[in-house]
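Subject: Structure handover

Hello,

Here is the structure for your files. My notes on it follow below.

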Amino acid sequence: MSIPPESAPTRGSGTRIVGRALTCAVFALAGLLFYISAQTARGTDLRTDNSLLSLGDVVRQRSAQNQQAQSQLADLQARAQQLTERQGHDPADTAQLDGLRSDAALEPLQGGGLTVTLNDAPPNATARIPGVPEPRVNDLVIHQQDIQAVVNALWRGGAEGVQVMDQRLISTSAVRCVGNTLLLQGRVYSPPYVVKAVGRTDALHSAVDADPTIRKYLQYVQAYGLGWKVQESGELNLPGYSGTTELRSAGGQQ
């Protein structure tokens, strides 16, 4: 028995329904990725002996979170590709896809924002404030949690995008330090470390000023001369992320 022509759904209508459903699913996954990214990026206080005792547990926890985030990102990209194939000629869906690519840090970003620079203290640094003990080696170098605290504060301040050194951060980016070198997405960097964020400068400033880990870092800046500079810029240019999004290890991308 055939359906009368006036009752049969058109192919275009069915395609639009499928496309809208995929769009909703992609946006839901994008929101979940941002939450996982915020949790993954949180640092630990490496300036105390107590934190070193639990470092192994922290690494295992971050590795599991990175693996989950990478899986979510792969699913997001697959769904976005499906939407592209189904709705590639619809201007509204094209705009939505462009927005998704921007949210995933795959597109270049321009705008005003902040540049934060952290640096080790001079090698011969001594206590600069009366009553402060002479520094240990760990007191004079930038640690992982110092960079992570800046990144996290900028995200909390509403940053539209964040760049560390010359690389744009994505949801699975892991900021890791070995000694006084930074490992980021397969590349090694030495201080000074430069973090850039595009967003409202007043909100970014407020988030940086309110962060407790940064406040502790600033105490070391005053006591031993660690480097710290915050600059406003009317025009920052952040590149789009160009590295692989494939999972290479349980620890996510480095």
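In which strand is Thr115 found? Thr115 is found in strand β1. Helices (H or I, at least four residues) and strands (E, at least two) are DSSP runs, numbered from the N terminus.

This is a predicted model, in which local features need pLDDT of at least 70 and side-chain atom pairs count only at pLDDT 80 or more, while totals for chains, interfaces and linings use all residues. Residues are numbered from 1 along each chain as its sequence is written, and side-chain values use heavy atoms, with hydrogens and water left out.

Confidence

pLDDT is the predictor's confidence in each residue, from 0 to 100. The protein chain averages 75, and 56% of the residues score at least 70. Among the elements of the chain, β7 has the highest mean pLDDT (98) and helix α2 (residues 49–53) the lowest (42). Over residues 48–54 the pLDDT is below 50, and this stretch has three contacts in the model beyond near neighbours in sequence. Contact means heavy atoms within 4.5 Å. Residues 38–46 also stay under 50, with 26 contacts beyond four places in sequence.

The five-stranded sheet

An open sheet is formed by five strands in the order β3-β2-β7-β1-β8, with antiparallel pairing. Its edge strands, β3 (167–168) and β8 (227–238), each pair on one side only. Two strands pair if DSSP finds at least two bridges between them. Strand β2 (residues 161–164) is joined to β7 (residues 193–198) by four bridges, and Val164 has Val195 of β7 as its bridge partner.

Back to Thr115: this residue is buried, with a relative accessible area of 10%. Buried means under 20% relative accessible area, exposed over 50%, and partly exposed in between (1.4 Å probe, protein chains only). Leaving out residues up to four places away in sequence, Thr115 touches Val194, Val195, Lys196, Lys229, Val230, Gln231 and Leu236.

Helices on the sheet

Helix α6 (residues 201–210) lies across β1 (109–119), β7 and β8, at about 25 degrees to β1. Helix α7 (residues 212–224) packs on the sheet and touches β1 and β8, its direction making about 125 degrees with that of β8. Axes are lines fitted to C-alpha atoms, for helices over the stretch in contact, and angles run from 0 to 180 degrees between N-to-C directions.

The buried residues of α7 are Ile214, Tyr217, Tyr220, Val221, Ala223 and Tyr224, and they pack against β1, α5 (144–156), α6 and β8. The end C-alpha atoms of α7 are 19 Å apart, which agrees with the 18 Å that its 13 residues should span at 1.5 Å a residue; the expected span is 1.5 Å times one less than the number of residues.

Asp211 sits in the loop between α6 and α7 and caps the N-terminal end of α7, with a side-chain oxygen 3.0 Å from the backbone nitrogen of Thr213. Asp211 is buried, with a relative accessible area of 6%, and touches Ala149, Ala153 and Arg156, not counting residues up to four places away in sequence. Just after α7, Gly225 takes a positive phi of about 85 degrees.

The three-stranded sheet

Three strands form another open sheet, in the order β4-β5-β6 and with antiparallel pairing. The edge strands β4 (176–178) and β6 (187–189) each pair on one side only. The twist averages 30 degrees from one strand to the next. Three bridges pair β5 (residues 181–184) with β6, and Leu183 stands opposite Val188 in β6.

Regards

Technical notes:
Polar contact = N/O pair within 3.5 Å; in protein donor to acceptor, adjacent residues only side chain to side chain.
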